[in-house]
Amino acid sequence: MRKLLATALCLTATAALSGCGATVRPSARTDGNSAVTLTNCGRKVTYDKVPERVVTNDVGITELMFALGLEDRMAGFAMPDDKGDLTGVPWKDGYDKVKWLSKDQLTKENALDADADLVFAGWNYGFREDSGFTPEALKKLGIPSYVLTESCRNGRTESARGIMPPLDALYADLTNLGKLFGVEQRAATLIAGFKKQIAEVRAKAPTGADRPKVFLYDSGQDQPFTSGRYAAPEQIISEAGGTNVMHDVPDSWTTVGWESVVRRDPDVIVICDYGDVSAEQKRKFLLSYAPLRDVSAVRNKRIFVLDYVDLVESPRNPSAVARLGAYLRAVAKER
């Protein structure tokens, strides 16, 4: 299955750009020292030169760089080793080439030791106020930052995140990175390929009352951690032909109550597979948890698994739409 997924991802993400797994050297801007101003999280941010020693946090962010062929511009990445098997991904060469700095979250020490000239991370994807690892703290050290758009704070609460539809966030970051590193055409080609793949799934998706209601289960037993309308699962579910039962929650990744899940009665539960608790353990919990026994997804054992990296902003999102879309079409036919 992972080999089939890798092939599908390779065809989608690298068609007409390079051979799968081949190293692609980005073409720098005409003047590598010329300044570029980007809009990041609603703010204008100016970068004085093309970064040459980028440090990234987590798998989705790292693979955005790899998908654009920018591994030669990287000094390293931080990522726990529980985020799935990396041996079959299209960007295996990138992982082999770039230094794995930490199997935890990034720290200022990581960035300084790597002599980073850009840190690409996100709020709760590396940047955290409680650890003091923030764009502001890095700026004081002379290190610029770029914030993952999925994670942008939206001001509704102190920690609420998300300022645009999740796939728009993916396209915004690819476009911005393309401008910053002088690989605009590669970014545009990736985006066009992703949009085409998603449009093909959308054209076959169930409509109206036939659209299954879907709950994304990340983790948690006392209270479930899930996706509101600004995290990647929102559009992965909707473009695949389902309806995210937590669409009305104006946040990205957040905690809700089980009573709200029961009340919304999802037809399908999507499990996010990562961490110390396996997808099978999560499945067993959901099927045995008494408050969920009358929920349609549990009663009919309609549980689908996607990897963590499928469900955070990453170049794997379109493939996740396609795979979930096939499952939801089958569910719609059953009902």
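Modeller: The protein exposes about 14,400 Å², with carbon and sulfur atoms supplying 49% of it (Shrake-Rupley areas, 1.4 Å probe). This is a predicted model, where local features need pLDDT of at least 70, side-chain atom pairs count only at pLDDT 80 or more, and totals for chains, interfaces and linings use all residues. Residues are numbered from 1 along each chain as its sequence is written, and side-chain values use heavy atoms, leaving out hydrogens and water.

Colleague: How much of the protein is buried?

Modeller: Buried residues are 55% of the 335, buried being under 20% relative accessible area.

Colleague: And how many helices and strands?

Modeller: 13 helices and 14 strands, taken as DSSP runs (H or I, at least four residues; E, at least two) numbered from the N terminus.

Colleague: Which residues of α13 are buried?

Modeller: Among them are Asn317, Pro318, Leu324, Leu328 and Val331. Helix α13 covers residues 317-334.

Colleague: How do α7 and α13 sit relative to each other?

Modeller: Their axes, lines fitted to C-alpha atoms over the stretch in contact, come within 9 Å and cross at roughly 10°. The two helices are therefore roughly parallel, a label for angles under 35 degrees.

Colleague: Which residues make that contact?

Modeller: With contact meaning heavy atoms within 4.5 Å, α7 gives Phe194, Gln197, Ile198, Val201 and Lys204, and α13 gives Pro318, Ser319, Val321, Ala322, Gly325 and Arg329.

Methods: Expected span 1.5 Å × (residues − 1). Buried < 20%, exposed > 50% of the residue type's maximum accessible area, 1.4 Å probe, protein only. Axes fitted to C-alpha atoms, helices over the stretch in contact; angles between N-to-C directions. Parallel < 35°, antiparallel > 145°, perpendicular 65-115°, else oblique.
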